[in-house]
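The sequence and structure come first.

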Amino acid sequence: MSNLITSSKVHLGQKIAFGIGMFANQMFPAIMGIFMVVLVQDLGFPGWMWGVIFFAPRIFDSITDPIMGFISDNTKSKWGRRRQYVLAGGVVMGVSYIIMWQLFKENSLQFNFWYFFLWSLVFYLGLTLFSVPYVAMGYEMSDDFHERTNIMAIAQFIGQWAWVIAPWFWVIMYDPEWFPTPEEAVRQLSFWVAIPCAICAMVPALFIKSKSTLDEDYEPLNAANIGSSVTKIYDSFVEAFKIKEFRKICGATFLIFNAFNTVAALTFFVIVYKLFNGDTEASGIWVSLFGCLGAFGTTFIVIPVVTWMSKVLGKKKAFLVAQGISILGYIMLWFLFVPGKPWMYIIALPFFSFGIGSLFTIMMSMTADIIDVDQLNTGKRREGIFGAIYWWMVKVGFAIAGALSGIIIGIVGFDPDLATTDQQSAVDGLHAFFCFFPVAGTLLAMYIMRNYNITEESAGEVRKELNKRKVENNN
C-alpha cells in the first residue's frame, strides 16, 4: 500500500531542495502582507473591502486544502503523488501574483477591488495546489525519528530567510528614491518577488525523488466519484482527529501561532508610539529591524539549538523548553521597550524568537511520526490529508489573529492620529497585550502538550511493525 520514498538518512541535496520550496512557501505570504498595506494606505480600500480580501481566501483555503490533500494522497502517476502538483502550483502562484498587483489609482475603487479579489483567489488556489502536496513530500522523505527533525530544521532554516528579507520591503516601497509611489512599487516589485519564488517553488518537484504510483491501490479520482470523495475526505478528517496526539499538536500550534500573529500586527504601533512618541520618521528602520533580527535569530540560533535539543531531550521536552524560553523573551520585551533607547529590545529578540522559531521545526517532525501511527491503524499513507488539516489550523489561526488585532486596538482605545502623550494609557495597553497575550497562548499550548506521548522508542516500535507488514505484503 505504501509508496514511501524513505530511508533512515536523506542526502543533504534532497533536504536543501525541500528547503528551497519552503522559502517560496513563506516568502509569498510574507510579502503579500506587506504589499496589502498599499490597498488601504494608497488605493483607498475601506475597512470592509480589507476584511473581505483578508478573510475570503482563508475560507476558500478551508475548502480547497482538504480536497487537494485527498487528491494528492490518491494520485496514480508515473511521477508519484506530489511532484506534478508542486510544479503546477509554482507556475500558477508566480503568474497570478504578478497580475494581481497590476493596480492603478486611475481605475475605480470597485474595479481595483474586484480585480484584486478575483486574482487573489487564483493565487490562493495556486498556493493550495503547491503547498499541500509540498508539505506532504517532507513528511514522507524519511522514516527515521530524528532525521525527520533534521529535514524540517533545514527547511525552516532556509524558509526563515523570507522573514529576514521581507521587512526591508517597507523601506523600499515608501522611499521615493526607489519608486515615485507605493502603488508603482508593488507593480514592479511583484515581478522581482514572483519569478524567483516561483522558481524556488518548483525546485522540490524537479529534484526530490519519487516513484511511480500507477500500481497503487488508491481511491479513484474521477467525476463519478466526486460525491463519495467528499464523504471520504470528511471521514479522513474524523479519523485523523481520533488520534489524540494529532489533536494536541494542532491545538498547540493554533494557540501559539494565533497569539504571535495577533500581536505581530501591533508591532509597528508599539515601536513607533511607545519608543518614538508616534513619530514615524524618527522610528527609521527600527520597525523593520524588529522583524528582520527576530528572523535572523531564528535562522542562526533557534533552529540549530532546537534541533540539538530534540535529539538530546526528545521532541516534546525540546518543545516545552523552547516555548519556556520564548515566554522569558516576551516578559523581557515588557521591560526593554524604553522610550529613546530602541536598541534595548534587541537583547530580548533571541529569547522571544524561540516561540515561532521552534514551532514548525518540531511540530512538522511530530506530524510525520503521527502519520506512521495512522498508517498502523488504517493501512493508508495520508500525508496530504494530515498536512492539509495541520496547515488549515495555521491559516484559521492567522485569520482569527487579524480580527483579534483590531479588537485589541478597540479595547485599549488606541488612535494612530494622536501622539503618545495624548493617549499614554492606550499605548501602554497595546504594549501590555503585545507582551502578555502570547504568554497566555504559549502557556495553554504547553499545558496541552504536557502529556504528548510519542517518543523515539514508541515511534521505533510503530516503524518496526510497519516494516514487518511491508515484508509480509511483499511475500
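Residues 24 or more positions apart account for 84% of the contacts in the protein chain with a separation of 6 or more. The model is predicted. Its secondary structure comes to 20 helices and 0 strands.

**Overall dimensions and burial**

- The C-alpha trace of the protein chain spans about 75 × 50 × 35 Å along its principal axes.
- A compact globule of 475 residues would have a radius of gyration near 23 Å, and the protein chain, at 23 Å, therefore agrees with that expectation.
- Buried residues make up 56% of the 475 in the protein chain.

**Helices α1 and α6**

- Helix α1 covers residues 12-35 and helix α6 residues 145-159; the two pack with their axes 7 Å apart, at an angle of about 45°.
- On the α1 side the contact is made by Leu12, Lys15, Ile16, Phe18, Gly19, Ile20, Met22, Phe23 and Gln26.
- On the α6 side the contact is made by Glu147, Asn150, Ile151, Met152, Ile154, Ala155, Gln156, Ile158 and Gly159.
- Sorted by class, the contact of α1 with α6 holds 11 nonpolar, 5 polar and 2 charged residues.

**Helices α14 and α15**

- Helix α14 (residues 286-313) packs with helix α15 (residues 315-336) at an angle of about 150°, and their axes are 9 Å apart.
- Angles over 145 degrees count as roughly antiparallel, so α14 and α15 are roughly antiparallel to each other.
- The α14 and α15 crossing is right-handed.
- From α14, the residues in contact are Phe290, Val306, Met309, Ser310 and Leu313; from α15, they are Lys315, Lys317, Ala318, Val321, Ala322 and Leu333.
- The contact of α14 with α15 comprises 8 nonpolar residues, 1 polar residue and 2 charged residues.

**Ala432**

- Ala432 belongs to helix α19, which covers residues 424-449.
- Ala432 has a relative accessibility of 25% and therefore counts as partly exposed.
- Apart from neighbours within four places in sequence, Ala432 is in contact with Trp334 and Phe437.
- Ala432 and Val270 are separated by 162 residues in sequence, while their C-alpha atoms are 9.7 Å apart in space.

Conventions:
Residues numbered from 1 in each chain as written. Predicted model: local features only at pLDDT ≥ 70, side-chain atom pairs only at ≥ 80, totals over all residues. Heavy atoms only, no water. Axes fitted to C-alpha atoms, helices over the stretch in contact; angles between N-to-C directions. Helix = DSSP H or I, 4+ residues; strand = E, 2+ residues; numbered from the N terminus. Contact = heavy atoms within 4.5 Å. Nonpolar A, V, L, I, M, F, W, Y, C, P; charged D, E, K, R; others polar. Rg over C-alpha atoms; globule rule 2.2 N^0.38 Å. Buried < 20%, exposed > 50% of the residue type's maximum accessible area, 1.4 Å probe, protein only. Parallel < 35°, antiparallel > 145°, perpendicular 65-115°, else oblique. Left-handed = near helix turned anticlockwise from the far one by under 90°.
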